[in-house]
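Hello,

Here is the structure I promised to pass on. Please open it, then read my notes below.

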Amino acid sequence: MGNTRRGRQGINTLLAVLIGFCVLAIIEIVYGQAQMKMERERLALEEENAQTVRELKEEWRKLQEGSSVVTKQSEPAPAASEGEPEKEPAKVVEQSKAQDKKENGDKVDKDETPEEEEEERNYDMQIVILGDSIMDGDRTESGAADIISEQLNAKVYNMSMGGTTAALLPNEQYNFATWESRSLLGVVNAIVGNINSDIFEGYAAGDVLKTCDFEKTDYFIIEYGINDFLTKQIPNSRYLEGGDTLAVDGTHTYTGALDDAISRLKSSFPDAGILVIAPHYCQIFNGETFIGDGYSLDYGWGPLITYARGAGYIVDLHKEEGVFFFNAFEDSGINAETADKYLADGIHMTPLGARVYAEMAAGMIRRDFMPEE
């Protein structure tokens with residue numbers, strides 16, 4: 001009897017083990033099937049996402065082909081860093097009316113060139129923009145220059161070039177015969193015919209010099225100053241507090257360059273208004289490290305706000321000549337509290353920042369152009 005009971009116990013134990021293995025096998029099979037189902041669903045989702053991306057890319061390509069703004073890059077340049085002027089690729093922009101006609105349901109002439117379509121549009125004014133990457137960095141409809149054009153129904157010729165300064169650098173000479181600078185002074189002297197414009201080949205400014213009738217210009221916009229500050233080499237002014245004077249020519253200073261540029265433009269185009277835009281509030285970083293802002297950082301010639309106020313001083317000297325001032329540093333709403341919203345990298349603006357900035361600039365021109373409104 002004892003042996004029989006032990007035998008039965010052994011059988012029961014074996015059955016329990018076998019049942020356990022079966023249960024584990026069933027669990028593993030069920031789990032495996034669930035995993036396979038999840039994997040199939042994941043692959044299907046990836047394929048669906050990939051298809052969606054392909055469709056979005058195709059839609060974007062079609063939109064780009066029919067866009068009213070066509071952009072191509074010329075010379076690439078490294079990004080800005082602490083103590084160096086920001087450098088952006090120069091870009092050439094052509095305006096087109098084809099997309100506008102499509103949106104309005106008008107018939108588009110297949111044989112019509114963008115230039116011919118452009119001539120058909122009735123603009124209220126012509127504006128020429130002279131600036132750095134604040135105006136050059138984004139040449140799409142979200143950029144400041146395009147927003148100004150939209151707000152004023154203006155034909156805008158954007159001659160801005162990223163990385164440029166208003167003033168001449170210390171090693172650059174004010175000599176028309178050997179001129180090499182693409183600064184504000186270079187652009188202005190090319191416009192008035194004092195220098196060979198070949199140095200602007202490949203830049204938007206070079207194309208504008210060939211196509212723009214500057215005599216038709218209602219307003220020039222001058223927007224410089226941040227790079228002058230960031231070079232650490234360009235003083236705000238020759239004149240120092242206490243009465244001392246720097247032993248440099250005025251055109252090698254920010255305010256001196258503004259004064260020279262305004263004088264030459266007004267001499268050649270006395271009926272054109274000039275809006276001078278001061279550098280706006282900035283935050284400067286060295287990599288991820290915050291170095292300072294437009295109030296605190298000083299490379300030896302005063303913080304950025306002194307450059308902004310210096311621009312205002314120069315405008316005051318010319319205010320009876322149709323020159324007016326947008327103090328973007330103190331009046332644009334771009335400041336320490338709004339920097340996260342309005343500035344993309346501490347210097348260049350987000351689309352929202354560009355919208356606020358450009359609408360203020362456009363409003364000032366509108367009030368000057370139509371003071372009765």
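Is helix α5 (residues 144–152) mostly covered or mostly open? It is mostly covered: seven of its nine residues are buried. Buried means under 20% relative accessible area, exposed means over 50%, and partly exposed lies in between (1.4 Å probe, protein chains only). The buried residues in α5 are Ala144, Ala145, Asp146, Ile147, Ile148, Ser149 and Leu152. Just after α5 comes Asn153, with a positive phi of about 50°.

Some ground rules. This is a predicted model, so local features need pLDDT of at least 70 and side-chain atom pairs count only at pLDDT 80 or more, while totals for chains, interfaces and linings use all residues. Residues are numbered from 1 along each chain as its sequence is written, and side-chain values use heavy atoms, with hydrogens and water left out.

Now the whole chain. It has 13 helices and nine strands. Helices (H or I, at least four residues) and strands (E, at least two) are DSSP runs, numbered from the N terminus. Of the 373 residues, 45% are buried. The chain exposes about 20300 Å², and carbon and sulfur atoms supply 51% of that. These areas come from the Shrake-Rupley method with a 1.4 Å probe; for residues, only the protein chains shown count as cover. A contact means heavy atoms within 4.5 Å. Among contacts between residues at least 6 apart in sequence, 68% join residues at least 24 apart.

Next, the rings. Rings of Phe, Tyr and Trp (its six-membered ring) pair if their centres lie within 6.5 Å; planes under 30 degrees apart count as stacked, over 60 as edge-to-face and the rest as tilted. The count comes to 15 aromatic pairs. One of them is Phe220 with Phe269, a tilted pair at 5.5 Å centre to centre and 40° between the planes. Phe220 sits in strand β5 (residues 219–223), and Phe269 sits in the loop between α9 (254–268) and β6 (273–277), 49 residues apart. Phe220 has a relative accessible area of 0%, so it is buried. Phe269 is at 9%, so it counts as buried too.

Phe229 and Tyr299 also form a tilted pair, at 5.1 Å centre to centre and 45° between the planes. Phe229 lies in helix α8 (residues 226–230) and Tyr299 in the loop between β8 (289–293) and α10 (304–317), so the pair ties together parts 70 residues apart in sequence. Both Phe229 and Tyr299 are buried. Ring pairs link Phe229, Tyr254, Tyr299 and Tyr307 into a cluster.

Best wishes
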